[in-house]
Amino acid sequence: LAKRLGSKMFYRLLNSISDMRTVPQSTDYRLIDRQVQLEFLRFTERNRITRGLIDWLGFHREYVAFDAPPRIAGEASYTISKLFRLALNTFTTMSLRPLFFFGYLGVVIMLMSLGLGLFIGIEQFLLGDPLQLRFSGAALLGIFVTFLVGIVLSSQGITALYLSHIHAQ
C-alpha cells in the first residue's frame, strides 16, 4: 500500500515539476532499436534514470499495456528508503524547478523582511512608536537575520539560473 501510494504521489509530483511527461506505471523494461541504444550509451551520467533519459531522447515510442502477475517467489529488492533515494535522484535529474523554488522563496522572504523592517523603523524611530508595539532589539536583529537569509536564498536562485544554462547546454 505504501509503495502504491508513494508511486502515485511520485508520478504526480514529477509530472508537475518536470517539462517532460512521464507515463505512470511505465517500466524500465524496454524494447529499443540500435539508434536509441547508441544515443543512450553516449550519456555520461553515473546515476542514470533510464526511464526518464530514454524518454528525454525524444524518439517515437509506443506502450504495451500488460497485467503483471503476482510475484511467485522472493521479495522486491527495492526498500522504501531505496525508492525514496531513487525519487530524489529522479527529481534532480529531470527538473531544475526545485532549484528555482528556493530562489523564489528567498525573494519573498527578503521582500517581506524588508517591508517589516521598514515598517518597524518608521513606526519606532521616526514616529516615536504611536502604535505602542515596543519592538525589542532582539526582534530587529531577527528581522535583519531573516533579510540576510532571503539574500542567501535569492543568491541560490541566481546560481540555479547558471546551472540551468549549463544543464541545457
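Phe102 is partly exposed, with a relative accessible area of 36%. Partly exposed lies between buried, under 20% relative accessible area, and exposed, over 50% (1.4 Å probe, protein chains only). The model is predicted: local features need pLDDT of at least 70, side-chain atom pairs count only at pLDDT 80 or more, and totals for chains, interfaces and linings use all residues. Residues are numbered from 1 along each chain as its sequence is written, and side-chain values use heavy atoms, with hydrogens and water left out.

A search of the whole structure finds 2 aromatic pairs. Rings of Phe, Tyr and Trp (its six-membered ring) pair if their centres lie within 6.5 Å; planes under 30 degrees apart count as stacked, over 60 as edge-to-face and the rest as tilted. Phe40 and Phe43 form an edge-to-face pair, at 5.8 Å centre to centre and 80° between the planes. Phe40 is buried, with a relative accessible area of 12%. Phe43 is also buried, at 14%. In the pair of Phe101 and Phe102, the ring centres are 5.1 Å apart and the planes stand at 75°, so this pair is edge-to-face. Phe101 is partly exposed, with a relative accessible area of 49%.

The largest nonpolar core has 8 residues: Phe10, Tyr11, Leu14, Ile17, Met20, Ala87, Phe91 and Met94. Such a core is a set of buried Ala, Val, Leu, Ile, Met, Phe, Trp, Tyr and Cys residues joined through side-chain atoms within 4.5 Å. Helix 1 (2-17) and helix 4 (80-94) each supply at least two residues of this core. Helices are DSSP runs (H or I, at least four residues), numbered from the N terminus. The largest share, 4 residues, comes from helix 1. A second, separate core has 5 residues, including Phe40, Phe43, Leu53 and Ile54.

One salt bridge is found in a search of the whole structure. The term denotes a side-chain nitrogen of Lys or Arg within 4 Å of a carboxyl oxygen of Asp or Glu. Here the side chains of Glu39 and Arg42 meet, at 3.0 Å from N to O. Glu39 is partly exposed, at 28% relative accessibility. Arg42 is exposed, at 61% relative accessible area.

Helix 6 (residues 137-168) has 32 residues. From its first C-alpha to its last, helix 6 reaches 47 Å, close to the 46 Å expected at 1.5 Å a residue. The expected span is 1.5 Å times one less than the number of residues. Buried residues of helix 6 include Ile143, Gly150, Leu153 and Gly157. The buried residues of helix 6 pack against helix 5 (97-126), where contact means heavy atoms within 4.5 Å.
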